[in-house]
Every structure is written in structure tokens, then in C-alpha cells.
Amino acid sequence: MAVTIEKLSRVFIIRLTPEFTQFLVSKDGGIGLQAFAKLNNETLFEDHLVESLNRNEIWLELSGEHLSRALKCAIQSNSVSMRLTKKSNLPVLCLTILTQGRTGKQIQLVQDCPCRTLTAAQTEQLCEPVVPNPDVHIMLPPVMVMKNMADRMKSIAGHLVVKANMAGDFIMQVESDLVHLETFFQDLENPTIDASQVDLSQQPSLNRDPKEMAQVRIDIRDFIKFCTCHQLNPMHTICCIIENHWFKNGGENIGDAQGCGTITYL
């Protein structure tokens with residue numbers, strides 16, 4: 001997860017709670033690609049304790065490079081413990097890694113990741129934005145196929161138009177004064193909405209002509225970033241389009257058959 005989020009931003013935020021751990025990349029003013037990932041603590045830790053005066057939540061801002069480097073040292077380890085502490089009166093996220101050397105002797109490695117703790121006031125705006133119900137929701141085609149197409153399209157235009165409908169059609173389009181290029185995907189799945197969870201009459205995607213396209217225009221560099229950092233082998237990737245406003249990719253179950261969390265890109 002840390003390696004994935006690092007591809008979006010050099011600095012990101014980790015929110016630790018007793019129930020879950022969240023990774024956030026949030027842009028000022030909501031402009032640019034944002035990501036919000038939530039993982040259940042039971043799948044991340046054998047044992048954990050999170051306590052603070054801020055509703056038992058701890059918010060940390062840290063370098064993705066530092067955390068990724070520390071975690072790479074733990075890939076073949078026997079155990080890893082993580083704690084927030086202070087060194088030289090500065091906060092650090094300390095990882096203690098137990099591993100075996102070539103002779104079989106146990107070795108303890110300590111990796112310190114400098115970080116900045118955020119106050120309750122600083123975290124008020126750091127939440128996943130509430131967006132309208134989508135005009136279209138559809139399962140995306142293979143992400144690496146889309147990335148290959150976007151890599152070719154970026155030489156034509158700086159923005160990508162994404163279109164989809166409730167009949168399983170998905171289109172990527174770029175155009176310039178000289179070129180108009182479209183890539184079509186058909187027979188994709190439009191996920192079923194659970195009627196017990198929402199009011200179906202308030203769902204625009206269910207109250208429109210299934211063949212009517214909804215579209216949104218996005219920065220093609222952000223789209224490629226999304227495709228590049230998409231390496232968690234999710235079970236599902238759902239694209240939600242709010243006409244000419246939002247392009248949301250999320251609802252991804254990451255992990256085993258039951259899933260251990262989700263990640264949403266905006």
C-alpha cells in the first residue's frame with residue numbers, strides 16, 4: 001500500500017484508529033488525483049493499540065520514500081513492530097524488525113521514519129469528499145490495458161475524455177486539431193446496487209437510458225498515475241462517473257476472497 005500511494009505523492013498521511021488504518025493523498029482545493037485507502041487492522045496487525053486525546057486517532061504526515069524503504073527491509077523478516085515515539089524531541093515512526101542473518105542468528109534492525117503529527121484542527125479538512133450519486137457505474141477493463149492506451153494518447157492531447165453507460169460500454173477519447181482517437185470496450189459489467197442499502201429512486205444510474213453515455217474530462221497524467229499505482233491486485237475496480245464533474249474509481253477489495261480493505265481514487 002505504501003509503495004502504491006507513494007507513486008501519487010512524495011508525502012502522504014496515515015490515519016491510525018483502533019479499527020482501521022487509512023492512507024490519504026489529498027490535494028489543496030481538491031484539484032488533482034486524490035486517493036483514500038482504508039485497511040482493517042485485523043488484517044494488518046497481530047496485535048495493536050492506538051490511543052490519543054484526539055478520539056483515539058493518530059494522524060501522521062510522512063515521506064513515502066522513507067516508509068517504503070523501511071518496509072522493504074521487513075519483507076523476509078520474522079516479525080515487525082511499529083510504534084510512534086520521539087527522538088531528539090522530534091516524532092518518528094519506529095519500526096523494529098527481527099530477521100535472520102546468513103548464519104541463522106537473529107538480527108534486530110531499527111528503522112526510523114521522520115514524521116509530523118497533525119492536530120485535530122489540521123485534520124478537519126482531510127477527509128474523503130462527499131460526491132453525488134453517479135450517473136454511471138461500471139467495472140473497468142484491465143488497468144494495464146488502459147494505461148498502455150493512455151500512454152499512446154498523451155502525445156495527442158493533455159486531457160482524456162472518459163465515457164461510459166449502463167449497457168457495459170466504456171470509451172477513452174482524445175482529440176486535437178488534427179486527430180480524433182477513441183478506444184472502445186464493450187460488454188463490461190455494471191454492478192448491481194443493493195436495494196436494501198440505498199433508495200433506488202435516488203440513483204441517477206438506474207433512472208436513465210442504459211445506452212446514454214455519461215462523460216468526464218480529466219488530466220491524462222492523473223489517469224496514467226492511477227493506472228501506474230494500481231498494483232494491489234484488487235478483486236474489483238468500479239468506475240463511477242458524475243457527468244462533467246467527477247471521475248471516481250473505487251470499491252476495490254484488496255486481499256483474499258473476503259478482502260481486507262478498499263482504496264478510492266478521485
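The following questions and answers concern a predicted model of a protein chain.

User: How many helices and strands does the secondary structure of the protein chain come to?

Analyst: The chain has 266 residues, and 45% of them count as buried. Its secondary structure comes to 5 helices and 15 strands.

User: What percentage of the contacts in the protein chain with a separation of 6 or more comes from residues 24 or more positions apart?

Analyst: The contacts considered here are those with a sequence separation of 6 or more. Within that set, residues 24 or more positions apart account for 56%.

User: What share of the accessible surface of the protein chain belongs to carbon and sulfur atoms?

Analyst: The accessible surface totals about 15000 Å². The part of this surface that belongs to carbon and sulfur atoms is 49%.

User: How many of the residues of strand 2 are buried?

Analyst: Strand 2 spans residues 20–25, and both of its faces are covered. Phe20, Gln22 and Leu24 are buried on one side, while Thr21, Phe23 and Val25 are buried on the other.

User: Which residue of strand 3 is the bridge partner of Thr21?

Analyst: Strand 2 also pairs with strand 3 (residues 35–40), in the antiparallel sense and over 6 bridges. In strand 3, the bridge partner of Thr21 is Leu39.

User: Is Thr99 buried or exposed?

Analyst: Thr99 is found in strand 6, which covers residues 90–100. Leaving aside residues up to four places away in sequence, Thr99 touches Gln76, Ser77, Asn78, Lys105, Gln106, Ile107 and Leu109. A residue counts as buried under 20% relative accessible area. With a relative accessible area of 13%, Thr99 is therefore buried.

User: Why are the buried residues of helix 4 on the same side, and which elements do they pack against?

Analyst: In helix 4 (residues 143–153), the buried residues are Val143, Met146, Lys147, Met149, Ala150 and Met153. They lie on the same side of helix 4 because they cover an arc of only 165 degrees around the axis. The elements they pack against are strand 9 (159–164), strand 10 (170–175), strand 11 (180–185) and helix 5 (220–228).

How values were computed: Residues numbered from 1 in each chain as written. Predicted model: local features only at pLDDT ≥ 70, side-chain atom pairs only at ≥ 80, totals over all residues. Heavy atoms only, no water. Buried < 20%, exposed > 50% of the residue type's maximum accessible area, 1.4 Å probe, protein only. Helix = DSSP H or I, 4+ residues; strand = E, 2+ residues; numbered from the N terminus. Arc of directions from axis to C-beta. Contact = heavy atoms within 4.5 Å. Areas by Shrake-Rupley, 256 points an atom, 1.4 Å probe, with all protein chains shown as cover. Pairing = 2+ DSSP bridges.
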